[in-house]
Amino acid sequence: MPLKSHEFTSESVAEGHPDKVADQISDAVVDLFLSRDPSAKVAVETLCTTNLVVLAGEVRTKNGAVITHDEMNAAARAVVKKIGYEQEGFHWEKMTVQNYVHGQSAEIAQGVEEGEGLFKEEGAGDQGIMFGYATNETPELMPATLVYSHQILERLAEMRHSGNHPELEPDAKSQVTLRYEGSRPVGVNAVVVSHQHKKGVSQDALREIIRPVIKSVLPEGWFPPEDKFYVNPTGSFYIGGPDGDSGLTGRKIIVDTYGGAAPHGGGAFSGKDPSKVDRSAAYATRYLAKNVVASGLADRCTIQVSYAIGVAQPLSIYVDTHGTGKADEARIAAALRELFDLSPKGIRTHLKLSAPIYSPTAAYGHFGRKPGTDGTFSWEKTDLGDALKRLVN
């Protein structure tokens, strides 16, 4: 059924949001391990609060690589320093780091390593369902509400890091509500930005710092009415970051993915090596959905896969083109299976996920980003299009 006129909203949070601080620390630990051992198994969670960071989880290396608690703790401090936290209540140098990371369970290890018998193939690190999504409403093939929400905060962070706006502090959130006709965004109904600031900065002054950023991100003529342009609607936002609210790894999974425009399997990404299908299969399904849309086979595409712990191949693959498909969905699903090995090893090999490429994913979304020459965001490539069209048509 075609979409009717409607409103839709997505939010984003900045790199200095406490949950994103936790995500970035967890992914810095993942990258630390993968830089020493590409086959390392890592599942590390982070808690951050007033001048305290706590690391917990399990890890394993195969090649004799040893990563000490001191090295992990130093990685955590480096993340906090890079974000820019030098506040009384949260400071990269003054904060305490407690580390409870330990070795991985042997029972988990036997199901996710290649070997003999039942587990001859490398199996999934856990059971679960994962979703990928793409839509042609933006050049990034992502929901426009989320793209604009991310871009507003990215540009404000760039201004803060440049030193041109010392009144800005690291913690921030944004929210964009768009008006849609069918599946196409046609205007903005409201924009909300809450941004931490230094003491003494007025709400009006902050509003005028943020205004040109909104105008630079949104299409021309889309700036919301003044009474729908909200900046720090509760007033002062001086105490923020982990000092104002605790942060935990994996609490911003909708910000990380599609802004609520598509289903989410429930598993977080940050802090996990690519043997964990919560992460790698979500990247794979985004890659496949994006290639379906980029090839012109659909305007929108959702893909679901499911796994069982220790079992290599997915139990199911489901393709939904939301009534926009130019080919039968069953044929698309069959073609995707033929073109892409959805086993954990197949995903990791095809997308080259065993490299230390995860720190950049931990703020401003895992999807809709530009693939880097260093292997980052490889799942954003659209290199399957021609082969996909040949198999389907």
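**Ground rules.** I count residues from 1 along each chain as its sequence is written, and side-chain values rest on heavy atoms, with hydrogens and water left out. As the model is predicted, local features need pLDDT of at least 70 and side-chain atom pairs count only at pLDDT 80 or more, while totals for chains, interfaces and linings use all residues.

**Entry 1: strand 3.** I took helices (H or I, at least four residues) and strands (E, at least two) as DSSP runs numbered from the N terminus. Strand 3 covers residues 52–60, and eight of its nine residues are buried, so the strand is largely enclosed by the rest of the structure. Buried here means under 20% relative accessible area, with a 1.4 Å probe and protein chains only.

**Entry 2: its partners.** I called two strands paired if DSSP finds at least two bridges between them. Strand 2 (residues 41–49) runs antiparallel to strand 3, and nine bridges join them. I looked up Val 42 and found Val 59 of strand 3 as its bridge partner. The two strands form a hairpin with two residues between them, and Asn 51 in the turn has a positive phi of about 45°. With strand 4 (residues 96–103), strand 3 pairs in the parallel sense over eight bridges. There, Leu 55 stands opposite Asn 99 of strand 4.

**Entry 3: the crossover.** Strand 3, helix 2 (residues 69–83) and strand 4 make a right-handed β-α-β unit. Right-handed means that, with the strands pointing away from the viewer, the path from the first strand over the helix to the second runs clockwise.

**Entry 4: cavities.** I searched a 1 Å grid over the protein atoms alone; a cavity is a set of points where a 1.4 Å probe fits but cannot get out, and lining residues have an atom within 4 Å of a point. Points are joined across faces, edges and corners, and a volume is the space filled by probe spheres set on them. I found two cavities of 30 Å³ or more.

Strand 5 (128–135) and helix 8 (277–294) each supply at least two lining residues; strand 5 gives the most, with three.

The second largest cavity has a volume of about 40 Å³. Its lining includes Pro 38, Lys 41, Asp 273 and Arg 348.

Technical notes
Buried < 20%, exposed > 50% of the residue type's maximum accessible area, 1.4 Å probe, protein only. 1 Å grid on protein atoms, 1.4 Å probe; cavity = no way out; pocket = protein on both sides within 12 Å on 5 of 7 lines; lining within 4 Å.
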